[in-house]
Amino acid sequence: MILTIKKFLINKDNDYEKMTSRVGQMKIFLEHILAGRVPNENYSSDSLLSFCHSLVQGQRPAEPGLEEGSWSVSATAADIEDEDRMDYHYFPTFLALSLLISCGSQDSRVKEIPGYEDALKKGFGFAVSENLEGFGFNSFFQQMEAVLIMGSGGCPLWLKAHPDSCPVLVDRLGQLGNEFKSRLDKEDTVLPFGGDYKPQFMLACKLLAPLMESINQ
């Protein structure tokens, strides 16, 4: 059975297991959309449009412990520990941005949702608010995952076409692409806490190419 989501929702409490599951479901849903498995006979294009409406409407304003523009799944952001901010504030935001852009590229009605472009601009601003650094010993893996999520959904292409949406993120993603390419050129792709990440570096450079070209001109 293909996992689908009817509406973007945040958690009623800060139950870490439930928040982790919610973010995981968003990731699987994005993968199904990108693979062409959604929409389908059980989940129509209208259902997907309705979900995108809920994303735009569900973007969070500024609150204690959280800048505006996120799709955090936490009930109370201020109570999330620093080491968990990426998981519950940032990753659902990366996923929401990719969902909105990838769905918009498939169905023009998504782009007509009131507040669509404003939501993207605020979301991009939040996404780069901690410079895509990740946290602690997982920092590089989180950084790479952020790039791959946003890249898979078409965020670099959107940003190239709309560079004023978030110039800081345009520059940061282009910079990361150049850093990854440099590591590939030096065959420096084996990480201290994992194996050889050459395939991930290669994919990241491919996805970031539009922005790498922009900042290298």
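Q: Is Glu-68 buried or exposed, or partly exposed?
A: Glu-68 is partly exposed, because its relative accessible area is 42%. Buried means under 20% relative accessible area, exposed means over 50%, and partly exposed is in between (1.4 Å probe, protein chains only).

Q: What kind of model is this, and how are residues numbered?
A: It is a predicted model, where local features need pLDDT of at least 70 and side-chain atom pairs count only at pLDDT 80 or more, while totals for chains, interfaces and linings use all residues. Residues are numbered from 1 along each chain as its sequence is written, and side-chain values use heavy atoms, with hydrogens and water left out.

Q: Back to Glu-68. Which side chain does Glu-68 meet in a salt bridge?
A: Lys-122, with N to O at 4.0 Å. A salt bridge here is a side-chain nitrogen of Lys or Arg within 4 Å of a carboxyl oxygen of Asp or Glu.

Q: Which parts does that pair tie together?
A: Glu-68 is in the loop between α2 and α3, and Lys-122 is in helix α5 (residues 116–127), so the pair links parts 54 residues apart in sequence. Helices (H or I, at least four residues) and strands (E, at least two) are DSSP runs, numbered from the N terminus.

Q: And how exposed is Lys-122?
A: Lys-122 is partly exposed, because its relative accessible area is 32%.

Q: What else forms a salt bridge with Lys-122?
A: Asp-118 does, and the closest N and O atoms are 3.3 Å apart. Lys-122 and Asp-118 are 4 residues apart in helix α5, so about one helical turn separates them. Asp-118 is partly exposed too, with a relative accessible area of 42%.

Q: How many salt bridges does the count come to?
A: The count comes to 10. One of them pairs the side chains of Glu-63 and Arg-60, at 3.0 Å from N to O.

Q: Are Glu-63 and Arg-60 buried or partly exposed?
A: One of each. Glu-63 is partly exposed, at 24% relative accessibility. Arg-60 is buried, at 8%.

Q: New topic: helices. At what angle do the axes of α2 and α3 cross?
A: Helix α2 (residues 45–58) and helix α3 (residues 85–106) cross at roughly 135°, and their axes come within 10 Å. Axes are lines fitted to C-alpha atoms, for helices over the stretch in contact, and angles run from 0 to 180 degrees between N-to-C directions.

Q: Which residues make the contact?
A: From α2 come Leu-48, Phe-51, Cys-52, Leu-55 and Val-56, and from α3 come Ala-96, Leu-99, Leu-100 and Cys-103. Contact means heavy atoms within 4.5 Å.

Q: How many of the α2 and α3 contact residues are nonpolar, polar or charged?
A: 9 are nonpolar, with no polar and no charged residues. Ala, Val, Leu, Ile, Met, Phe, Trp, Tyr, Cys and Pro count as nonpolar, Asp, Glu, Lys and Arg as charged, and the others, Gly among them, as polar.

Q: Where is Thr-93?
A: Thr-93 sits in helix α3. Thr-93 is buried, at a relative accessible area of 0%.

Q: What does Thr-93 touch?
A: Leaving out residues up to four places away in sequence, Thr-93 touches Gly-69, Ser-70, Trp-71, Ser-72, Gly-123 and Phe-126.

Q: And Gln-200, where is its place?
A: In helix α9 (residues 198–216). Gln-200 is partly exposed, with 27% relative accessible area. Apart from neighbours within four places in sequence, Gln-200 contacts Met-144 and Leu-148.

Q: Now backbone. Which residues does a cis peptide bond join?
A: Val-38 and Pro-39, with omega about 5°. Pro-39 is in the loop between α1 (16–34) and α2. Most residues other than glycine have a negative phi, and most peptide bonds are trans.

Q: What is the phi of Leu-132?
A: About 55°, a positive value although Leu-132 is not a glycine. Leu-132 lies in the loop between α5 and α6 (139–152). Leu-132 is buried, at 4% relative accessibility.

Q: And what is phi of Glu-187?
A: Positive too, near 55°. Glu-187 is in the loop between α8 (167–185) and α9. Glu-187 is exposed, at 69% relative accessibility.
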